[in-house]
Amino acid sequence: MEKIFVNQVGFLPEGAKKAVLNFDAPEFRLVDESGKSVFEGKTSHFGTDEISGEDTFVADFSGFSGQGKFKVEADSVASATFAIGDSVYDKLMHDICKCFYYLRCGDALDKKYAGEYYHEPCHLSKATVYGEDVEPVDVTGGWHDAGDYGRYSTAGAVAVAHLLYGVRFFKNLLDVKFDIPEEKCDKGTLPNILAEVKVELDFLMKMQRENGSVWHKVTTFSHAPFIMPEEDKSELFLFSVSSLATADIAAVFALAYTIYKDYDKAYADLLMERALKAYAWLEANPQATLFKNAEGSNTGEYPENEDNSNRFWAAAALFEATGEKKYYDEAMKQKPLIEAYDKSDAFKEYTGNVFTCLGWGDVAGLGALSLILKNDGSELCTFAKECFAGEADRLCKNAKTNGFGLCMLKENFIWGSNMELLKYLMVLTTANVINPQERFVNAITAGLDYLLGCNSMDVSYVTGNGEKAYKNPHLRPTAVDDIEEPWPGLVSGGPNTGLQDEQAQKLPKDTAPMKCYLDHVDCYSLNEITIYWNSPLVFVMAGLLK
């Protein structure tokens, strides 16, 4: 079918703007709401690429800066409607931040702020410490992690880190208001983003044991069926501590300290106390304490093969927060261990720089962000900047290999491919802070265009944003709440050549990577949501709108 793919939310007036056609039309036009042509141009033929399988033609209308609502037309085919304007991304930014509020666990929702998406209090019982004869523990609060109702320390820490690094790099994020309850502090009221992040920080503090170590997760023994959260009454279990979770919490508490100290000194001091307590446990336990699910349990495992990147992040974050040389020395000690792992068979499928990895599975890039913020001219700081610059260069080269200008290769279309994209956009955003370049901004813009509809599925991967936004996330509450539309702002996992679920496997095996997607609630391998798929988009948008 002949289609014109475009960012269905829209464009900033002075930014790059393009649509992609999958058919040969030498000319295109931009039409306003009345049908009047306001811009005309010629398409450029890119050809067929590996990721989309489309013979693509690019319609570039960057030269048009008028504001309003428009469509791209070519021959008798029209794109979805989109906007051009200074405030075109305001709703998107509001929605992707507000999603964390809707994902709150416990008794944290208020009908005034949740509206029709309100649910009754949930998961308020104390959790049994699995395999230990000790008293149950109160670990209420935080955010539900994904399509399930589990809460996971490493995943939560990484989502918080994306948001807080966003605050550190881009102060405009503190000005974003997204209609949540006020949180009082020494200086009056916390900015919305810090109030929301504090919900998860408070939960993560409860996940820390007296000895400083951190439980890896709290979940029921098996995933709940598709029921509302308040109907999930199964016993909660705290599963064993890991050095992965302990290091991540040390890092994110140190990072949080650098921000909350300007608003609430007592709270910030508590965060630092907890960070140091976690780090002391790591020092006393130098061997990796990895995590494996208890036999028979099927909730998220979040496994990692080593903890060097986690210890690197913890040391780098504490160095940035305190300036103490011992943390710099520890980060330097972890660096060759990470480099050795990067060259091992366990990491052979990854084509990028390990020190720019920004997901829960490898967090060395988060440590690098702390070093970049420190900006002290040290060997490690210089190294971190070089890693991000080199990776950004690689991503810009990738963007030239397809008609969409997307910085992805076919092997990047894995489970959660949209997070792969967003991590790459975080790298490009950071590189653009270090050394601003138009090619970085263009690659970021093309990536956002892809996410919001300029893709061969012709779908926006953010609910409620775009004329053809997806509507059926693999998410328990939105599946069973009897409300037609899911709450807005949820980022889908996106196309995945692995096709790991039964519904996804109905797609032909030779489907092009960009088309390995179905908007179906059963597609957990294509259409689930997670807190750490939303959080990098917040970082990227803050950078774009700074």
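Analyst: Lys198 pairs with Asp202 in a salt bridge whose closest N and O atoms are 3.0 Å apart, a salt bridge being a side-chain nitrogen of Lys or Arg within 4 Å of a carboxyl oxygen of Asp or Glu. Side chains of opposite charge can pair when their charged atoms come close. Both Lys198 and Asp202 belong to helix H4 (residues 192-206), where they sit four residues apart, about one turn of the helix; helices here are DSSP runs of H or I with at least four residues, strands are runs of E with at least two, and both are numbered from the N terminus. Lys198 counts as buried because its relative accessibility is 14%, whereas Asp202, with a relative accessible area of 29%, is partly exposed. In these terms buried means under 20% relative accessible area, exposed means over 50%, and partly exposed is what lies in between, with a 1.4 Å probe and protein chains only.

This is a predicted model, in which local features need pLDDT of at least 70 and side-chain atom pairs count only at pLDDT 80 or more, while totals for chains, interfaces and linings use all residues. Residues are numbered from 1 along each chain as its sequence is written, and side-chain values use heavy atoms, with hydrogens and water left out.

A search of the whole structure finds 29 salt bridges. One of them joins the side chains of Arg439 and Asp393 at 2.9 Å, N to O. This pair links distant parts of the chain, since Arg439 is in helix H12 (residues 438-451) and Asp393 is in helix H10 (residues 379-398), 46 residues apart. Arg439 is partly exposed at 34% relative accessibility, and Asp393 is partly exposed with a relative accessible area of 24%.

Another salt bridge is formed by Glu485 and Lys471, with 3.3 Å between the closest N and O atoms. Here too the pair links distant parts of the chain, with Glu485 in the loop between helix H13 (476-480) and helix H14 (524-527), Lys471 in the loop between H12 and H13, and 14 residues separating them. Glu485 has a relative accessible area of 33% and is therefore partly exposed, and Lys471, with 42%, is partly exposed as well. Elsewhere, salt bridges that share partners join Lys3, Asp458 and Lys468 into one network.

Turning to polar contacts, these are pairs of N or O atoms within 3.5 Å; within protein, one atom must be able to donate a hydrogen and the other to accept it, and residues adjacent in sequence count only if both atoms are side-chain atoms. Asn534, in helix H15 (residues 531-544), is buried, with a relative accessible area of 3%. The side chain of Asn534 reaches the backbone oxygen of Gly489 at 2.8 Å, and a polar atom of that side chain lies 3.1 Å from the backbone oxygen of Ile96. Lys233, by contrast, is exposed, with a relative accessible area of 70%, and is placed in the loop between strand E15 (215-220) and strand E16 (236-241). The side chain of Lys233 comes to 3.3 Å from the backbone oxygen of Glu230. Patches are made of residues with over 30% relative accessible area and no salt bridge, where like charges are joined within 9 Å and nonpolar side chains (Val, Leu, Ile, Met, Phe, Trp, Tyr) within 5 Å. A nonpolar surface patch of about 270 Å² is made by Ile414, Trp415 and Tyr524, the area coming from the Shrake-Rupley method with a 1.4 Å probe. Tyr524 is in helix H14 and counts as partly exposed at 34% relative accessibility.

Although Asp75 is not a glycine, it has a positive phi of about 50°. Asn375, also not a glycine, has a positive phi of about 50°; Asn375 lies in the loop between helix H9 (364-374) and H10 and is partly exposed at 47% relative accessibility.
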